[in-house]
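Student: Please show me the model, and then let me ask about it piece by piece.

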Amino acid sequence: MGLIKAATAAIGSTLHDQWKDYIKCEDLGNDILMKKVSTPNGIISKDSAIQVSPGQIAVIFESGKIVDATAEEGIYTFDQSSSPTFFAGQFGDVFKEMWTRFVYNGGVSKEQAVFYINAKEILDNKFGTPAPIPFQDWSHPIPNQMTGTMTPLRVEVKCFGKYTFKISDPATFMSKIAGTADEFRKDDIVEQMRSEVIGSFQKVLNELGNSVHKTPVLELPSATDTIKSIMDEKVFDQPIRDRGISLVGFVVESVTLDDESEKKIDNYELSSNSFMQQGTLTGAYANAVQDAANNANGAANGMIGVGMMNMASGGMIGGVAQGAFQNKGTTAADLNGGAQAQGDAPAQGGSKFCPECGTATNGAKFCPNCGKQL
């Protein structure tokens, strides 16, 4: 027995009455994943019509097993004498496998129904990390002086976002979770899926924070494609796939650092800025000291500027001046002292000498030997 697609003309109201039963399911929306539809007596008579709307999968169930299924929209005639037709479209291989392996034991001897499965993408499923998740942030590296390498800053983050999913294997979906319930809703599984999505996302974060990807923590919301790619590549969502469901979309809407992590980043930024400012100021300070030491006549003026720089820096780099002068062979003080000693030399001996003949003058205004005016 199976489904035979009705002619297009038969869909009109004129021939509608030729079918003994007309089975259809209203739009399943975003909340109903599967719904059972049958006749009042639970028997689908020969030549009954079964309507399949866009975004629906129709699974014909009889006496504890699946006898036919289709995901191609249209109207079908139920023929008990025909073999399965499997007008399945994208689910062709799945339905053929379903035919051979999906059997419910202990079913009623004669019970027929159509299970309509929602084939659309199920939207607006929110997730959020209940507790902060550790993340290695390479945008704030810490140098390791012992090894000469960089280590990422460890932070704790909370992430919030949304994901979408769809039923990719109707047979697995029915056998693992939906069964033959009259109605199976998204609310029946969404909490379990949310926990598994968070678990998968945490594994993805570990990948994003490794030395290969080095994704900055504050850029996680823009890494949507990478997150989904890693999840598919590593099959982190395997528990969800095992139920015949696949994740389609995954979006991180916001990333929040905990208080301790915010302090770490703030201190990191302050330390980096302070280090850069000190490095620039120290270089300028050293240059000023060097210029002052090389210029004996302008040493006093140069050191006034150096002193002002030292006060502006809070004394952090004041020791540079001392080192600069200690490293010079001749200092400004040496030069001034030398000049004073040279001018005082005649006074130390108590005598002056004639520049003409060299005779001691003993402070006279004229040389007693040659008469040279002194």
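The questions and answers below go from the whole chain to single residues.

Tutor: This is a predicted model, in which local features need pLDDT of at least 70, side-chain atom pairs count only at pLDDT 80 or more, and totals for chains, interfaces and linings use all residues. Residues are numbered from 1 along each chain as its sequence is written, and side-chain values use heavy atoms, with hydrogens and water left out.

Student: How many helices and strands does the protein chain have?

Tutor: Helices (H or I, at least four residues) and strands (E, at least two) are DSSP runs, numbered from the N terminus. On that basis the secondary structure of the protein chain comes to 9 helices and 13 strands.

Student: What percentage of the residues in the protein chain is buried?

Tutor: Buried means under 20% relative accessible area, exposed over 50%, and partly exposed in between (1.4 Å probe, protein chains only). Of the 374 residues in the protein chain, the buried share is 37%.

Student: Why is the pair of Phe61 and Phe115 edge-to-face?

Tutor: Rings of Phe, Tyr and Trp (its six-membered ring) pair if their centres lie within 6.5 Å; planes under 30 degrees apart count as stacked, over 60 as edge-to-face and the rest as tilted. The rings of Phe61 and Phe115 have their centres 5.4 Å apart and their planes at 85°, so the pair is edge-to-face. The pair links strand 5, which holds Phe61, to strand 8 (residues 112–118), which holds Phe115, and the two are 54 residues apart.

Student: Is Phe115 buried or exposed?

Tutor: The relative accessible area of Phe115 is 1%, so this residue is buried.

Student: Which backbone atoms lie 3.4 Å and 3.1 Å from a polar atom of the side chain of Gln56?

Tutor: Gln56 lies in strand 5 (residues 56–62) and is buried, with a relative accessible area of 4%. At 3.4 Å from a polar atom of its side chain is the backbone oxygen of Glu26. At 3.1 Å is the backbone nitrogen of Ser53.

Student: Is Lys20 buried or exposed?

Tutor: Lys20 has its place in the loop between strand 1 (2–5) and strand 2 (22–23). Not counting residues up to four places away in sequence, Lys20 touches Ser45, Lys46, Asp47 and Ser48. Its relative accessibility is 61%, so Lys20 counts as exposed.

Student: How far apart in space are Lys20 and Ser45?

Tutor: In sequence Lys20 and Ser45 are 25 residues apart. In space, C-alpha to C-alpha, the distance is 6.8 Å.

How values were computed. Polar contact = N/O pair within 3.5 Å; in protein donor to acceptor, adjacent residues only side chain to side chain. Contact = heavy atoms within 4.5 Å.
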